Each structure stands twice: as C-alpha cells, then as structure tokens.
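Thanks for asking me to look this one over.

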Amino acid sequence: MSEDRYLTFALAKGRLADKTLELLAQIGISCGEMYDKKSRKLIFVNEEKKLRFFLSKGPDVPTYVEYGAADIGVAGKDTILEENKRAYEVLDLGFGACRMCVCGPASAKELLLHHERIRVASKYPVIAKDYFYNKKHQTVDIIKLNGSVELGPIVGLSDVIVDIVETGSTLKENGLEVLEEICPLSARMIVNQVSMQMETERIRNLISQLKNVVDKDY
Ligand SMILES: Nc1ncnc2c1ncn2[C@@H]1O[C@H](COP(=O)(O)OP(=O)(O)OP(=O)(O)O)[C@@H](O)[C@H]1O
Ligand SMILES: O=P(O)(O)OC[C@H]1O[C@H](OP(=O)(O)OP(=O)(O)O)[C@H](O)[C@@H]1O
C-alpha cells in the first residue's frame with residue numbers, strides 16, 4: 001500500500017459514461033475535463049486524490065482491469081460476461097439497467113419449445129452459447145453480428161437473436177418480441193485482483209462510499 005500510488009479507473013465510453021462520472025462526483029471525485037465532449041484527450045488525473053481516469057470502448061474495460069493497466073473498471077454486466085476476464089466484480093451500480101433476452105418473431109416460439117437446431121444472431125456470442133448449450137442444452141448455430149442485430153430474423157439471416165432489451169421499442173418497431181429472458185443487466189464495478197490485495201483500504205473505502213450513494217438512489 002503506497003500513499004503516492006495513483007489508482008487508475010477504466011470507464012466505458014457511450015451510454016454508461018455520464019452516469020459513471022455523475023456517481024463519482026456524488027462522492028466528491030471529480031474527473032475534470034472528462035465532461036468536455038469535444039476533447040480528444042484520453043487520460044485525466046485528479047492530483048489531489050491521486051486518481052487517474054480513462055475512457056475506453058466498453059468491451060476493452062475488463063481487459064485493462066485484468067492486466068492491471070487499470071485498478072478499477074466500470075462496464076455493463078453484458079460486457080463482463082461476454083469478455084469473461086479475471087477480475088473481482090465488487091458492486092452493482094444500478095444504472096444502465098436492461099435485460100439480455102432471446103428475441104424473435106412470435107413464430108419462433110415453437111422452434112425454441114422443440115429444441116430445434118436454430119440460427120441465433122448476436123453481438124454477444126459467448127453469452128448466447130452459454131445460454132443455449134449450458135443452460136438449455138440446445139444445439140444452435142451462432143452468428144456473430146456487430147450491431148442492428150434485430151435485422152437477423154427480419155432479413156432471414158437467423159431465427160432468433162440474443163440481444164439487450166431496455167424499453168422494448170426497437171423490438172416493437174421491428175415486429176419482434178422477447179421470447180425468453182436470459183438475465184438482468186446493469187453497470188458493475190470491477191477490480192483487478194492484485195490491486196485489491198495491494199490497495200485494500202483505499203479500494204474498500206471507495207466501494208463503501210459508492211455503495212451508500214447507490215443504495216440511496218436505487
Ligand atoms: N438500450 C440499451 N442498449 C444497449 N446497451 C444498453 C442499453 N441500456 C443500457 N445499456 C448498457 O450500456 C452498455 C452499452 O453502451 P454503449 O453506448 O457503449 O452501447 P453499444 O451500442 O454497445 O456501443 P457501440 O455503439 O460502441 O457498439 C451496455 O454494455 C449495457 O450494459
Ligand atoms: O429496448 P430498447 O430500449 O429499444 O433498446 C435495445 C436496443 O438498443 C441496443 O442497440 P444500440 O442502440 O446499442 O445499437 P446497436 O444495435 O447498433 O448495438 C440494443 O442492441 C437494442 O437494439
């Protein structure tokens with residue numbers, strides 16, 4: 001444990017970024033110019049509290065944390081499950097709440113029911129494979145897509161999709177529905193395993209302050 005060592009945070013760009021910065025601000029941690037959307041700067045330092053922050057693509061957050069390039073990370077549970085990296089998941093931050101679901105046209109219900117060998121399109125092939133093979137014991141063909149996954153059943157690429165559902169409006173507007181729920185999702189804080197041993201007090205203190213705010217808000 002060293003007083004001079006900087007604790008480094010890897011934060012996910014995109015939907016979760018603003019909420020993460022707001023949460024840190026609520027416990028008195030400022031990330032300064034990170035709020036400046038026009039800035040191309042990647043790393044920010046809070047000298048007073050000996051903290052460093054950087055924004056990365058969401059799926060890279062668990063990688064930075066596993067290798068110790070970041071001590072702490074904030075990412076969606078979907079990303080954590082999909083990337084499957086070594087790190088301690090220490091806190092459910094509550095925001096970014098949504099669900100991972102199997103979705104498709106109503107007609108695909110029968111295919112699921114009879115454990116047919118179906119095609120599943122997803123941005124999350126690891127989660128999809130784990131669900132169908134390990135939980136449902138159903139053999140399927142998984143097709144990896146990078147976005148607009150709802151297109152899969154519409155254009156005949158796949159029978160169903162495994163994707164995030166929040167409000168359900170994307171499904172509705174495209175004539176699809178939730179067929180099965182895989183798991184609930186939200187933003188999580190993860191910690192590098194060595195950092196947790198080396199900086200136990202600072203990290204525990206941070207977790208407990210964040211927990212107080214999260215318990216109050218959600
Ligand atoms: N409606 C939603 N769609 C997608 N992700 C959501 C939604 N609601 C909450 N989330 C959370 O936000 C995270 C994704 O945020 P982001 O804005 O980076 O989306 P993305 O579409 O996956 O990114 P990209 O545009 O780089 O592909 C997810 O990992 C998930 O945990
Ligand atoms: O239930 P809803 O509130 O409609 O939200 C769910 C949609 O949002 C996400 O897509 P995103 O906007 O990230 O775009 P993408 O399809 O390119 O990943 C997700 O993949 C769904 O398509």
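1. Residues 59-211 have end C-alpha atoms 24 Å apart, and this span is 37% helix and 29% strand. Here helices (H or I, at least four residues) and strands (E, at least two) are DSSP runs, numbered from the N terminus. The span comes from the UniProt record, where an unreviewed entry annotates residues 59-211 as "domain: ATP phosphoribosyltransferase catalytic". UniProt positions are given in the numbering used here, feature names are shortened, and annotations may be inferred rather than shown by experiment.

2. A word on the ground rules: this is a predicted model, in which local features need pLDDT of at least 70, side-chain atom pairs count only at pLDDT 80 or more, and totals for chains, interfaces and linings use all residues. Residues are numbered from 1 along each chain as its sequence is written, while chains are lettered from A and ligands numbered from 1 in the order in which they are written.

3. Next, the domains. The protein is divided into domain 1 (7-96 + 186-217) and domain 2 (98-184), with bounds that come from an automatic or database domain assignment. Taken over C-alpha atoms, the centres of the two domains are 30 Å apart. Five residues from domain 1 and six residues from domain 2 make the contact between them, where two residues are in contact if their C-beta atoms, placed from the backbone, lie within 7 Å. On the side of domain 1 that touches domain 2, one residue is nonpolar, two are polar and two are charged. For these classes, Ala, Val, Leu, Ile, Met, Phe, Trp, Tyr, Cys and Pro count as nonpolar, Asp, Glu, Lys and Arg as charged, and the others, Gly among them, as polar.

4. Now a six-stranded sheet. This open sheet has the strand order E2-E3-E1-E4-E11-E5, with mixed pairing; two strands pair if DSSP finds at least two bridges between them. Strand E2 (43-46) and strand E5 (88-92) are at the edges with a single partner strand each, so one side of each has no neighbour in the sheet. On average, neighbouring strands are turned by 25° against each other, direction ignored. Axes are lines fitted to C-alpha atoms, for helices over the stretch in contact, and angles run from 0 to 180 degrees between N-to-C directions.

5. Within that sheet, strand E1 (residues 7-12) and strand E4 (residues 72-76) run parallel and are joined by three bridges. One pair to look up is Ala 10 with its bridge partner Gly 73 in E4. Helix H1 (residues 17-26) packs on the sheet, touching E1, strand E3 (51-56), E4 and strand E11 (187-191), and its direction makes about 145° with that of E1. Helix H9 (residues 200-217) also packs on the sheet, where H9 touches E1, E5 and E11 and makes about 25° with the direction of E5.

6. A five-stranded open sheet runs in the order E8-E7-E9-E6-E10, again with mixed pairing. Its edge strands, E8 (141-144) and E10 (177-185), each pair on one side only. Strand E7 (residues 119-122) runs parallel to E9 and is joined to E9 by three bridges; Val 120 stands opposite Val 160, and Ala 121 has Ile 161 as its bridge partner. Strand E6 (residues 98-104) runs antiparallel to E9, with five bridges between them, and Met 100 stands opposite Ile 164.

7. Which residues are closest to ligand 1? They are Gly 14, Arg 15, Gly 76, Cys 98 and Glu 166, out of 14 residues that surround ligand 1. A residue is near a molecule if its C-beta atom, placed from the backbone, lies within 6 Å of it. This shell has five nonpolar, six polar and three charged residues, and at least three residues come from each of domain 1 and domain 2.

8. Finally, ligand 2. The residues around ligand 2 include Gly 147, Glu 150, Asp 163 and Thr 170. Strand E9 (160-165) and helix H7 (169-173) each supply at least two residues of this shell, and E9 gives the most, with three residues. By class, the shell has three nonpolar, six polar and three charged residues.
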